[in-house]
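Please keep the sequence and the structure at hand.

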Amino acid sequence: MTSTTTGGVVARGREATIVGTGSAVPSRLVTNEELSAQLGEDIDPFVRGTLGIAQRHWCTPDESTADLAEAAARAALTAAGLSPAQIDLLIVATDTPEYVSPATSSVVHGRLGLTNAGTFDLNAGCAGFVTAIDTAWKYIRADERYSRVLVIGAYAMSKYLNPHDKKTLTIFADGAGAAVIEAGPVPGLLSSELFADGRYCDGMGVFAGGTHTPITREILDENVQQYLRFVQKYPASVNEEGWPRIVQSVLARTGHTPNDVDLWLWTQVNRSTIDVVMRGLGQPLARAHTIMHKWGYTGSACLPMALDDAVRSGRVKDGDLIVLTGSGAGLAMGSLAMRWRGSAVAAPSPLPTTSA
């Protein structure tokens, strides 16, 4: 069934599925031991014991968000068996852009040679990847011009870390993950939901460098606002109550319950929170795939990196029901339920120490 609008033919009921994934990390490995020496105190008991982070990767001075995004995208294209010319749209989710302007997606678009694709950036903080997948899905369902969309979540927050701030230095890391979404007759993406609470917009962020607080000599002399900062602590209930609420809503629209989910992917910032939420949902922790122990917290990139890692490590089987839930600064939150339709082909990333 189709209908014609001023923008062209809109195809109703077109389905979409993920047909390839990829991920990348930069070359520098930073351990808890290294940061303990730098900060002059042992961070390992809390950072490893509570958060679940043992190490992370940071960009070297000559590595940036676009480098990570490009490497992850190439791995996803290889896994999908597609060439850049077969992509109709590129969406890059990031809040650590290559530049203020132009868009990071434009940089990646040029490097990949996506000659037939449009492109744009999307910033929903750490909910960026789910938001971008949701957007790609809507493009595919709404307009038959778009049959293959490349979505990237990319993060280089190490560029904004204060070397003396224990709260941020020990958690945040760099990486990128990518997925190719393709139109087809069989449902892959099933249901999604986005949520926001702008009352928390001042809680965490990099507050200098935009139009509100441009970088000036005074800002640099102050040496505070150009770094990532926790300003207001989010209540634990934001995730511990918010995650179950949004996934229950998403699953209800698919006719499923938490017991039907084969694999849970949560924002990879706090293993203890994941444990609390899984127990609240009545689910074994073993069904939640985690990557923070080796890659730290990679923000908008953590969910696609976790998905790619699960696929390549054999955690995902054809027909599995997977739920991805991301949340972070803004406050922004997103959740997506999907049915896995086939396995991606493992392929090495161009980055020298990539674990994808």
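By about how many helical turns are Asp221 and Arg217 separated in helix 7? They are 4 residues apart in helix 7 (residues 217–222), and so are separated by about one helical turn. Helices (H or I, at least four residues) and strands (E, at least two) are DSSP runs, numbered from the N terminus.

This is a predicted model, in which local features need pLDDT of at least 70 and side-chain atom pairs count only at pLDDT 80 or more, while totals for chains, interfaces and linings use all residues. Residues are numbered from 1 along each chain as its sequence is written, and side-chain values use heavy atoms, with hydrogens and water left out.

**Salt bridges**

- A salt bridge is a side-chain nitrogen of Lys or Arg within 4 Å of a carboxyl oxygen of Asp or Glu; by this rule the count comes to 17.
- Asp221 and Arg217 form one of them, with the closest N and O atoms 3.7 Å apart.
- Both Asp221 and Arg217 are exposed (exposed means over 50% relative accessible area, buried under 20%, partly exposed in between; 1.4 Å probe, protein chains only).
- Asp88 pairs with Arg145 in a salt bridge whose closest N and O atoms are 3.3 Å apart.
- Asp88 lies in the loop between helix 3 (65–80) and strand 6 (89–93), and Arg145 in the loop between helix 5 (128–142) and strand 8 (148–156), so the pair ties together parts that are 57 residues apart in sequence.
- Asp88 counts as buried at 11% relative accessibility, whereas Arg145 counts as partly exposed at 42%.
- Glu182 and Arg148 meet through their side chains in a salt bridge (2.5 Å, N to O).
- Glu182 is in strand 9 (residues 174–184) and Arg148 in strand 8, so this pair links distant parts of the chain, 34 residues apart.
- Arg148 is partly exposed, its relative accessible area being 24%.
- A network of salt bridges links Asp67, Glu70, Arg74 and Arg111.

**Gln268**

- Gln268 sits in the loop between strand 13 (263–266) and helix 10 (271–280), and is buried, with a relative accessible area of 0%.
- A polar atom of the Gln268 side chain lies 2.6 Å from the backbone oxygen of Trp266.
- The backbone nitrogen of Ile291 is 2.7 Å from a polar atom of the Gln268 side chain.
- Beyond its neighbours within four places in sequence, Gln268 has contacts (heavy atoms within 4.5 Å) that include Ile274, His289, Gly296 and Cys302.

**Helix 9**

- Buried residues of helix 9 (residues 242–252) include Trp243, Ile246, Val250 and Leu251.
- Among the elements covering the buried residues of helix 9 are strand 10 (189–196), helix 8 (237–240) and strand 14 (321–328).

Definitions and conventions
A polar contact is a pair of N or O atoms within 3.5 Å; within protein, one must be able to donate a hydrogen and the other to accept it, and residues adjacent in sequence count only if both atoms are side-chain atoms.
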